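Trainee: Could we go through this structure together? I would like to begin with its contacts and then turn to its salt bridges.

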Amino acid sequence: MGGVNEIGSNKAVSVATTPPISAPPSQFHSPSLSRSPLLASDDHIQPANKTPRISTPRFVTPLGSPIRRALQLTRLDPHDAWLPITESRNGNAYYAAFHTLCSGIGIQALVLPVAFTILGWTWGIITLTLAFIWQLYTLYLLVQLHESTETGMRYSRYMQLCSATFGEKLAKWLALFPIMYLSGGTCVALIIIGGQTCKMFFDVICGGTCTAQPPTIVEWFLIFTSAAVLLSQLPNLNSIAGVSLIGAITAFGYCTLIWVVSVVEGRTEGVSYNPVRGSTEVTRIFDVFNTLGIVSFAFRGHNLILEIQATMPSDEKHPSSVPMWKGVKIAYTLVAMCLFPLAIGGYWAYGQRIPENGGMLTALFVFHGKGTSQFILGLTSLFVIINALSSFQIYGMPTFDDMESIYVKKKKKALPWWFRAILRAMFGYGCFFVAVAIPFLASLAGLVGGIALPVTLAYPCFMWLKVKKPKAFTPIWCLNWVLGLLGMALSGVLVAAGIYVIIDTGVEVSFFDP
């Protein structure tokens, strides 16, 4: 990582000793390298046609002065100009809202009424409300931690902030697998959901009148994956802002359509709101904890917040946290307008009859497939497909960034376009292979929610304590310790509960048989 030259009265001249490194001319004017004279380090990037030069400081200033603080806020990794997350830093609050909404709401929200079947009305609403407030608070912490006023660093990736806070070894143990799953695993789940919904859409449009042989479910997975791979060729995170906008609109659209149709059609016959109780006390306890995992899994996207904020310009007078938090508030207002009506309206309409697999989407087709307009059913399915394609792009971006960073750090130049296309195609079709091999991945929502929960609810609290160092036993110090420890404890219990429920109730395991 490039650092800032120490400027003092006893050191007037610093010599850059790094040999020239070739780079596309356009990259030298990238927003992430707009202050390149301050990047004198081992990784400093210079045009190939220029020789190392002697840089003389323009001023001598005390360490604590405002000018020195302004200098510190310009510490940027020179490799960032060639990586997809930070290649473009011209984002704004609206882009942040598009990305955050697209990543923050998805098909997992449709199973929230399933949690109510165990928790009941009162505890279901209380749990959902507390989880929403808790994850919004930790999201605020991440936005504030993106830039360090002490070191001048911009932490543009969740794993980067974890490594800087906990150390590289501990960060890998704590966060590497959850973050990898939240990127690659989510893309696999999106292929499964997208492919299955493509089949549903075809059935609605065809209406049993088509004479052509419909594609198999594996072929639908392949069709969806090919469309996702084609769309993934957009170069960087800012370039998919329009895709995220479409994804956000369709997510809000299908969530609203599903709960409105369910409520308008009225309660199903024989609906019951009595919480489901297991046969033994142990089973009942683990069922409750497993539903808490389902609720926590409904809130996603924290692993992408730092990456989204990294697309924005920032300086001392205009820190990126201001437009980022504005975009987050817009996005999560809309998220609340989707999640709460879905959970409450869905449980009111279907009660204990809500299907565990697919949740509200499956219930819509099972209970109202014949009485509802085919146009509404087709439009809902189409919105789910488009949202899944859009979400694939933003959730795949951290993996694209990781793959390309290996080449960039080794070769000290941008990845060729054809190599980028190959890598992204390999990732997409690799996810397709996993989706075909493990099609029951969506049945593990409770277990996965427990594993990924610290990324959302616990780690931000600990990182804030480590970086900000608040005075011991102050209210904010106590709050973050309590939330962090509670999040870790809850994660362990949810993982145990998820495993117990899988063993007790069973999961229909069908390798290579979607």
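Trainee: What share of the contacts with a separation of 6 or more comes from residues 24 or more positions apart?

Mentor: Such residues account for 84% of those contacts in the protein, a contact being heavy atoms within 4.5 Å. Please note that this is a predicted model, in which local features need pLDDT of at least 70 and side-chain atom pairs count only at pLDDT 80 or more, while totals for chains, interfaces and linings use all residues. Residues are numbered from 1 along each chain as its sequence is written, and side-chain values use heavy atoms, with hydrogens and water left out.

Trainee: How many helices and strands does the protein have?

Mentor: There are 16 helices and two strands. These are DSSP runs numbered from the N terminus, helices being H or I with at least four residues and strands E with at least two.

Trainee: And how much of the protein is buried?

Mentor: Of its 514 residues, 54% count as buried. Buried means under 20% relative accessible area, exposed over 50%, and partly exposed in between, with a 1.4 Å probe and protein chains only.

Trainee: Now the salt bridges. How many are found in the whole structure?

Mentor: The search finds eight, a salt bridge being a side-chain nitrogen of Lys or Arg within 4 Å of a carboxyl oxygen of Asp or Glu.

Trainee: Which residue does D401 pair with?

Mentor: D401 meets R157 in a salt bridge at 2.6 Å, N to O. The two lie 244 residues apart and link distant parts of the chain: D401 is in helix α12 (residues 374–411), and R157 is in the loop between α3 (112–145) and α4 (158–166).

Trainee: Why do both count as buried?

Mentor: D401 counts as buried because its relative accessibility is 2%. R157 does so because its value is 13%.

Trainee: What does E404 pair with?

Mentor: One partner is R420, with the closest N and O atoms 3.2 Å apart. R420 belongs to helix α13 (residues 417–437) and E404 to helix α12, 16 residues apart. E404 also forms a salt bridge with R424, at 3.0 Å, N to O. That pair again joins helix α12 to helix α13, over 20 residues.

Trainee: Are these residues buried or exposed?

Mentor: E404 and R424 are both buried. R420 counts as buried because its relative accessibility is 11%, and E404 because its value is 1%.
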